[in-house]
Every structure is written in C-alpha cells, then in structure tokens.
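The entries follow in the order in which I made them.

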Amino acid sequence: LARATETLFGQQTGMMRRTLIDVGFAKDLAPFVTQRLVDGMVQQGGFPIAPDQVFTYWREEVEPESVPLLDDVRDDVVRAWKMQQALPLARAKAEQLAQQAAQSGQPLVAVFPDNASQVIRSDPFSWMTRGAMPGGMPMRPTLSPVKGQAGDRRVSVAGAGEDFMRAVFDLQVGQVGVAVNQPQTFVYVVRIEAEEPSDQQRREAFFAAGLTNELAELAQLQLGDIVRDWYSTLEREYEIKWSRPPLPTGNFE
C-alpha cells in the first residue's frame with residue numbers, strides 16, 4: 001500500500017501521480033469518508049485500463065505532530081536497530097551462497113534443493129519502463145516491477161529499487177551476485193538466466209537512435225539528483241542554517 005502509485009491522465013489535464021502519502025495527508029480530507037487509490041493508471045475519458053490493485057481507505061483521526069517518548073516506541077527502535085545490524089550479516093551469508101552457486105554453474109533450484117520453494121524465477125523485466133498510455137501521451141520512465149514464480153506461488157520482489165536494479169544489471173548471463181531491496185530488509189542471491197536482446201544489440205540500437213526523448217528525460221532525472229546532492233553537500237559541509245522561510249516564487253513587477 002505504501003508503494004502504490006496512482007497515475008491520473010487526460011487529454012486536458014495531462015498526467016499526475018500520487019501515492020497514499022500524497023492523498024492521506026491532504027488537509028481537506030474529511031474523517032470517515034471512503035476514498036479510493038488505484039495502483040495503476042486511471043483514465044479521465046477514453047478506454048479503461050485494468051489496475052494492478054485498488055485500495056479503499058478513510059481517515060480515522062489526525063494526531064498532532066510530536067516527538068514520542070522512548071518507552072512508547074522502544075520495541076520499534078529495537079526492531080529497527082536489529083535490522084540494521086543484521087544487514088551486513090545477511091549480505092555476507094548471501095555472498096557466500098552466491099559463491100557456492102557460481103562454482104556449481106547450475107540453476108539456484110538445483111544448488112539449493114532444500115530451499116527450492118523460496119527461489120523466485122522472475123518474469124522478464126527491464127530496469128525501467130514507461131507503461132502504456134492512450135493517445136500517444138508521454139509517460140516518464142519508472143522502475144519496473146519484478147514479479148515471478150516461487151514454487152507454486154506468484155510473488156513479487158518488494159522494494160526493488162535503484163540499488164537492486166544496478167546490482168542485477170551489472171551481471172552477465174550465467175553470473176551470480178547479490179542484490180538488496182530498497183528498504184534493506186531482504187538480501188537476494190541473483191543468477192542471470194538470460195538476457196534479451198543481447199548487450200551488443202542494445203549498444204548498436206542506442207547509438208543508432210541518437211538523442212531520444214527517453215534519454216533526455218533520464219538525463220534530466222539524473223541532473224535533478226545531482227543538484228539535490230550538491231545542495232545537501234553544501235549545507236552539510238558549511239553547516240548552513242536557514243533562519244528565514246524561503247521567498248515566494250512567481251512573477252513580480
């Protein structure tokens with residue numbers, strides 16, 4: 001639910017994305033009024049698009065902002081601390097298992113038969129995707145969902161973020177590595193089974209296409225991250241403290 005993203009689009013309104021955080025903290029949200037959040041795309045006119053999931057929610061109460069007492073959140077703090085301390089241990093164990101799988105050269109199901117039901121054979125996925133939009137409307141690239149089959153269950157990799165994708169796509173076909181999800185709650189041993197199209201074919205297509213809209217948008221997204229990191233570094237290194245609210249933006253005479 002926390003990762004569900006509703007994408008609204010229309011010929012007149014364009015495209016807008018919102019999450020539960022965006023809609024749940026709206027000041028005009030009345031209590032006990034049923035609301036709906038679609039994890040997917042919602043068309044404003046035109047043909048329907050089947051959503052991945054639909055959530056129904058309502059606001060029960062609003063608590064004033066405050067800093068909780070340690071005794072009230074001790075269990076949560078201890079749990080978070082344990083997860084933080086466990087990550088290096090889990091990564092070390094995963095790297096050990098990855099080395100074992102790499103030496104065998106076999107699929108993970110064959111290497112770890114006792115845990116075969118926990119091995120996820122993913123559907124084909126790309127690092128990023130645009131999705132389908134009617135009327136030729138542009139849609140910004142987003143991280144692709146990672147879904148697959150574990151035994152007789154359909155599952156998905158929760159929190160497959162940038163670090164997860166980078167670790168996976170740094171591997172070549174047949175190689176085994178380790179990838180961590182975005183919340184850093186799971187460490188995965190990953191083996192690349194196949195890659196389509198080949199790296200050489202993608203490279204040739206990339207240079208043949210030149211500067212595409214997709215490439216320009218990705219560069220713009222990366223530029224935004226660079227600028228934000230630069231501002232954060234300046235504030236941290238020079239210990240900048242803002243003593244006044246930011247000036248309003250707009251046109252002035």
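I began with A150 and looked for its bridge partner in β9, which turned out to be R153. In this model, which is a predicted one, β8 and strand β9 (residues 153–156) are paired in the antiparallel sense over four bridges.

Next I asked myself which strand joins β8 through two bridges, running antiparallel to it. I found that this is strand β5, residues 121–122, and that in this pairing R121 stands opposite Q149 of β8.

I turned to the faces of strand β8, which spans residues 147–150, and listed G148 and A150 on the covered face, with K147 and Q149 on the uncovered one. I set beside this the general rule that side chains in a regular strand alternate between the two faces of the sheet.

Finally I stepped back to the whole protein, where I counted six helices and eleven strands. Of its 253 residues, 21% are buried, and the protein exposes about 19,300 Å², of which carbon and sulfur atoms supply 55%. For contacts with a separation of 6 or more, I noted that 49% are between residues 24 or more positions apart.

Conventions
Residues numbered from 1 in each chain as written. Predicted model: local features only at pLDDT ≥ 70, side-chain atom pairs only at ≥ 80, totals over all residues. Heavy atoms only, no water. Buried < 20%, exposed > 50% of the residue type's maximum accessible area, 1.4 Å probe, protein only. Contact = heavy atoms within 4.5 Å. Areas by Shrake-Rupley, 256 points an atom, 1.4 Å probe, with all protein chains shown as cover. Pairing = 2+ DSSP bridges.
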